[in-house]
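User: I am new to this structure and would like to learn how to read it. Please take me through it step by step.

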Amino acid sequence: MLSRILLVLLSLSLYSAGSSLSCRWVDHKFRQHSEESLALLDTMANENAEVDNTVSFPNHLYSQASKASAEDKVAFTVQILEEMVALLEGGYSSASWEENTEENFLSVVSRQAVGLRSCTVHHKESKKLHMYFKRLSRHVLMRMGHSAEAWELIRREMKSHLKRVDQLLLSN
């Protein structure tokens with residue numbers, strides 16, 4: 001009986017130690033990858049595109065997330081990163097950025113999502129956030145014919161999201 005209790009306690013302590021170690025990823029690797037992804041987005045900018053911002057940024061979702069638990073903030077960030085990757089992997093790009101730069105950006109953002117997943121047990125997704133990204137795809141990209149202007153608007157939205165998730169995760 002005592003050996004079972006010790007085994008359970010040992011398992012819990014190892015799990016807790018592993019969990020806290022994996023979440024150190026937020027402070028170290030996330031910051032590094034975040035800086036890299038923002039720099040890549042800057043190199044992808046299209047200075048010639050005339051863009052009217054017709055997208056309503058989901059500030060209210062970030063406001064809700066800022067009041068959530070640390071784990072829920074991480075889950076929210078993972079969803080944003082995965083939605084961004086899905087949006088770019090949709091193809092049909094008439095974007096002015098180089099394919100290699102886009103691939104590097106997708107790689108960095110994917111690494112961020114995978115690394116952050118190690119910090120959370122549950123993966124509760126926001127339907128409202130999913131619908132926002134769906135609107136970006138349908139109402140911006142499709143309606144604007146996947147034009148360079150549409151992609152520039154998407155790039156700017158992604159940059160706004162990356163800055164906001166930095167604030168959300170790194171301000172603690």
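User: How are α3 and α5 oriented to each other, roughly parallel or roughly antiparallel?

Analyst: Start with the general idea. Two packed helices are described by the angle between their axes and the distance between the axes. Axes are lines fitted to C-alpha atoms, for helices over the stretch in contact, and angles run from 0 to 180 degrees between N-to-C directions. Under 35 degrees counts as roughly parallel, over 145 as roughly antiparallel, 65 to 115 as roughly perpendicular, and the rest as oblique. Here the axes of α3 and α5 cross at roughly 20° and come within 10 Å. The two helices are therefore roughly parallel. The contact (heavy atoms within 4.5 Å) involves F76, Q79, I80, E83, M84 and L87 of α3. From α5 come L129, H130, F133, L136, S137 and L141. By class, that contact has 8 nonpolar, 3 polar and 1 charged residues. Nonpolar covers Ala, Val, Leu, Ile, Met, Phe, Trp, Tyr, Cys and Pro; charged covers Asp, Glu, Lys and Arg; the others, Gly among them, are polar.

User: What kind of model is this, and how are residues numbered?

Analyst: It is a predicted model, where local features need pLDDT of at least 70, side-chain atom pairs count only at pLDDT 80 or more, and totals for chains, interfaces and linings use all residues. Residues are numbered from 1 along each chain as its sequence is written, and side-chain values use heavy atoms, with hydrogens and water left out.

User: How many helices and strands does the protein have?

Analyst: Helices (H or I, at least four residues) and strands (E, at least two) are DSSP runs, numbered from the N terminus. This protein has 6 helices and 0 strands. Along the sequence the pattern reads α-α-α-α-α-α.

User: At what angle do the axes of α3 and α6 cross?

Analyst: They cross at roughly 165° and come within 11 Å. That makes α3 roughly antiparallel to α6. Contacts on the α3 side include K73, V74, T77 and L81. On the α6 side, W151, I154, H161 and L169 are among them. By class, the count is 14 nonpolar, 2 polar and 1 charged residues.

User: Which residues of α2 are buried?

Analyst: Buried means under 20% relative accessible area, exposed over 50%, and partly exposed in between (1.4 Å probe, protein chains only). In α2, residues 59-66, the buried ones are L61, Y62 and A65. Seen down the axis of α2, they fall within an arc of 100°, so they line one face of the helix. That arc is taken from the directions from the helix axis to the C-beta atoms. The buried residues of α2 pack against α3, α5 and α6. Across the protein, buried residues make up 40% of the 172 residues.

User: Is H161 buried or exposed?

Analyst: H161 is buried, with a relative accessible area of 1%. This residue is in helix α6. Leaving out residues up to four places away in sequence, H161 touches F57, P58, Y62, I80, M84, Y132 and F133.

User: Where does H146 lie?

Analyst: H146 lies in the loop between α5 and α6. Its phi is near 55°, a positive value in a residue other than glycine. H146 counts as buried, at 16% relative accessibility.

User: Which residues is L88 in contact with?

Analyst: Neighbours within four places in sequence are set aside. L88 is then in contact with W97, E102, F105, L106, W151 and M158. L88 belongs to helix α3 and is buried, at 3% relative accessible area. L88 and L106 are 18 residues apart in sequence, yet 7.9 Å apart in space, C-alpha to C-alpha.
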